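Thank you all for coming; I would like to take you through one structure this morning, and I will ask you to keep it on the screen while I talk.

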Amino acid sequence: MQVSSVNDVKIYNLSHGKSLPEWLSDRKKRTLQKRDVDVQRRIELIQDFEMPTVCTSIKVSRDGQYILAAGTYKPRIRCYDTYQFSLKFERCLESDVVSFDILSEDYSKLVFLRIDRYVEFHSQHGHYYKTRIPKFGRDFSYHYPSCDLYFVGASSEIYRLNLEQGRFLNSLQTDAAEVNVCDINPVHQLFAAGTLEGKVECWDPRVRNRVAVLDCALSSVTEGTDVEGLPSVSALKFNGSLGVAVGTSTGQVLLYDLRSSHPILVKDHYYGLPIHSIHFHNQLDLVLSADSKIVKMWHRDNGKIFSSIEPSTNINDVCVYPDSGLLFTANEDPKMNTFYIPALGPAPRWCSFLDNLTEELEENPESTVYDDYKFVTRKDLENLGLTHLIGSPLLRAYMHGFFMDIRLYHKVKTMANPFAYDEYRKEKIRQKIEESRAQRVQLKKLPKVNKELAIKLMEEGDDNEALSAKKKKKAKGITSVLSDDRFKMMFENPDYQVDEQSEEFRLLNPIVSKVGQNRRKKLQKLVAQEALQKEGDEDEELEGRASSEEEESSDDDKSWVEEVREQRRLLWEEGKQRRFKERKQQDRDTSLQSSDPIKNSQQAPGQSQPRFYQIKTGEEFRSFGDVSRKQRMQKTSLEERLKLEESSGMLNVADTAVGSKQLTFTLKQTEKQRNRQQAEREHHEERRKIRRAAGHLYTRGGGRGRGRGRGRGRGRF
């Protein structure tokens with residue numbers, strides 16, 4: 001439980017605290033209740049009082065025993081029995097619920113208006129019947145004397161469905177484009193509908209005629225209110241026989257007496273959010289109005305704030321339990337909040353223990369929330385010239401700024417900028433003039449960034465418009481890149497400037513330009529072919545066109561390939577020249593290091609240092625030219641390398657007898673290997689010279705000689 005105090009009114013949030021998941025075992029739940037303080041202080045007034053994702057609307061049956069809530073996801077309706085403090089049943093629907101109502105005292109007769117235009121009826125056992133209305137509905141009301149359902153929505157008509165006859169009756173025609181909300185007075189059964197134009201049309205169901213019209217849009221604009229647009233009616237609620245409250249989409253609540261066309265009181269929420277729920281508390285003469293951010297409780301006579309509730313999540317609907325201080329809210333959150341305000345009334349009979357329990361479990365109250373005050377920062381005070389009020393009772397310090405009375409803020413703002421209305425009027429006039437100029441012939445203005453690209457896109461857009469005009473077909477609206485907000489920064493931010501001198505642009509530009517030209521040519525040829533087909537010369541012209549297309553496409557392919565090669569050659573030459581200049585500049589700046597460490601330490605940090613190279617094992621350093629020659633050889637293609645080696649004698653190509661090629665390679669040798677081979681050749685040559693010939697030794701008879709030599713002699717015959 002959480003206790004807060006707003007304007008000295010205590011508000012008990014019974015839903016505050018951690019919610020335990022369903023899949024936890026009873027043993028783990030008991031363990032958490034013993035250890036976790038937040039779980040111990042949690043009060044679960046109704047078990048499983050939540051939705052899977054979001055709760056959209058919540059109502060209480062007239063007998064006070066059942067609470068019905070609609071939510072998602074998946075779309076469903078849940079019914080809770082207050083006497084059992086638990087969920088009674090749950091029914092899933094085919095689509096989300098826009099609004100629902102309870103026609104009986106309990107849950108036995110329900111009507112659901114779904115988002116897909118279906119009206120679904122449920123009985124006690126479940127789904128009973130469904131029908132469909134012509135337009136998307138937004139709200140409906142039930143007229144008990146005639147058993148008619150009045151549906152309003154995205155149409156100027158009010159549809160009537162009679163439940164006794166089971167058929168649609170003649171619709172009521174309004175003067176509005178759309179109708180947002182409706183309500184029926186419980187005393188004299190007057191039907192009222194709030195329109196999109198900010199008017200409330202009142203109809204008499206007995207004669208089906210409009211009896212009065214209230215213009216709430218003009219009445220909602222009062223002194224000190226900032227209205228940004230046309231206020232439309234977003235909430236409507238009758239109080240008794242003569243009272244009615246109207247909520248607008250700009251955050252104002254207007255209290256009317258049906259006997260007057262002027263509002264009795266205009267209450268502003270100061271949030272600018274649509275009012276979607278209004279309730280009356282007759283015991284204390286209070287009005288409870290809610291937008292998506294806050295629920296305000298204020299006096300009906302003077303509009304003075306009584307209290308307010310501001311949950312942590314957005315509010316979708318508010319339901320007040322009859323004749324008690326219990327309040328339910330449907331939020332953009334799985335959990336449905338339950339608030340108990342003892343100042344509004346006692347607890348209901350089924351939870352009367354709250355009166356004693358709230359006092360026992362009361363926590364430290366929160367800081368007071370100031371209503372009807374404007375939060376301003378120090379910079380805002382400087383702009384308004386109110387810095388001298390800092391420290392006075394007119395400014396209440398809070399966080400990084402101050403709270404000041406909203407009436408004082410509007411007065412000072414009007415005095416600080418007395419020509420605000422004139423500036424607003426001039427701005428509106430300027431907008432009207434620009435709208436009228438949009439119908440004239442517009443001059444094409446080039447952007448500051450990427451002008452060449454903009455010109456190219458304009459030319460392509462003109463070509464497409466011309467081609468679509470020639471085709472005489474219904475052309476689909478193609479959004480131009482220049483008018484598309486997604487690409488707006490490309491023509492405004494200098495960081496997106498296309499560098500036409502970059503390597504990527506120069507290599508891709510021939511391809512992109514040729515593709516664009518080919519696309520335009522194909523479109524023009526298609527238009528020409530259609531014109532020729534209408535004249536009757538289909539076969540000859542189509543054959544000629546096809547052959548010409550093939551020739552032109554092949555020529556285009558060759559042309560852009562040549563352009564890409566030329567750009568690559570130019571880039572290689574520019575890179576070569578740049579590297580040559582860099583090496584030349586490095587050679588000029590290079591100086592040998594001195595062996596003196598003091599001079600080395602005094603050397604300027606920007607002065608370049610000599611470079612050292614590492615020679616691989618088995619290689620000898622000849623010159624820097626030899627190194628560059630090796631690098632060039634590695635970059636050349638295989639064909640050029642084979643030609644070079646064939647010319648140098650390292651490669652020998654010969655034809656074989658079967659017609660194939662035979663390649664003979666001579667491996668490169670290091671200097672050490674060549675010296676060794678040369679020494680071996682010289683040694684063999686020297687041994688060959690000093691070797692004695694044995695030709696003067698002859699034998700007779702061809703037998704073996706008598707000598708001791710190991711060789712064999714040749715005899716003469």
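Before I point at anything, a word on naming: strands here are DSSP runs of at least two residues, numbered from the N terminus. With that in hand, please also keep in mind that what you see is a predicted model.

The chain has 717 residues, of which 34% count as buried, and it carries 14 helices and 34 strands. Of the contacts between residues at least 6 apart in sequence, 45% join residues at least 24 apart.

Let me start with tyrosine 150, which sits in strand E12, residues 148-153. Is tyrosine 150 buried or exposed? Its relative accessible area is 1%, and because anything under 20% counts as buried, tyrosine 150 belongs in the buried class. Leaving aside residues up to four places away in sequence, tyrosine 150 touches a list of residues that includes Phe140, His143, Tyr159, Leu172, Cys182, Ile184 and Phe191. Phenylalanine 191 lies 41 residues away along the chain, yet its C-alpha atom is separated from that of tyrosine 150 by 9.0 Å.

Now to the charged side chains, where a search of the whole structure finds 19 salt bridges. One of them joins glutamate 178 and arginine 138, with 2.7 Å from N to O; this pair links distant parts of the chain, since glutamate 178 is in the loop between strands E14 and E15 while arginine 138 is in strand E11, 40 residues apart. Glutamate 178 is partly exposed at 24%, and arginine 138 is partly exposed at 31%.

A second pair, arginine 210 and glutamate 201, meets at 3.3 Å, N to O; here arginine 210 is partly exposed at 34%, whereas glutamate 201 is buried at 3%.

Finally, which residues gather in a patch of positive charge on the surface? They are Lys576, Arg578, Arg579, Arg583, Arg632 and Lys635. Helix H10, residues 539-589, and helix H12, residues 624-635, each supply at least two of the patch residues, and H10 gives the most, with 4. Arginine 583 has its place in H10, and with a relative accessible area of 44% it is partly exposed.

Definitions and conventions: Residues are numbered from 1 along each chain as its sequence is written. This is a predicted model: local features need pLDDT of at least 70, side-chain atom pairs count only at pLDDT 80 or more; totals for chains, interfaces and linings use all residues. Side-chain values use heavy atoms; hydrogens and water are left out. Buried means under 20% relative accessible area, exposed over 50%, partly exposed in between (1.4 Å probe, protein chains only). Contact means heavy atoms within 4.5 Å. Patches are made of residues with over 30% relative accessible area and no salt bridge: like charges are joined within 9 Å, nonpolar side chains (Val, Leu, Ile, Met, Phe, Trp, Tyr) within 5 Å. Accessible areas come from the Shrake-Rupley method with a 1.4 Å probe; for residues, only the protein chains shown count as cover. A salt bridge is a side-chain nitrogen of Lys or Arg within 4 Å of a carboxyl oxygen of Asp or Glu. Lys and Arg count as positive and Asp and Glu as negative; His and the chain ends are not counted. The place of a charge is taken as NZ of Lys, CZ of Arg, CG of Asp or CD of Glu.
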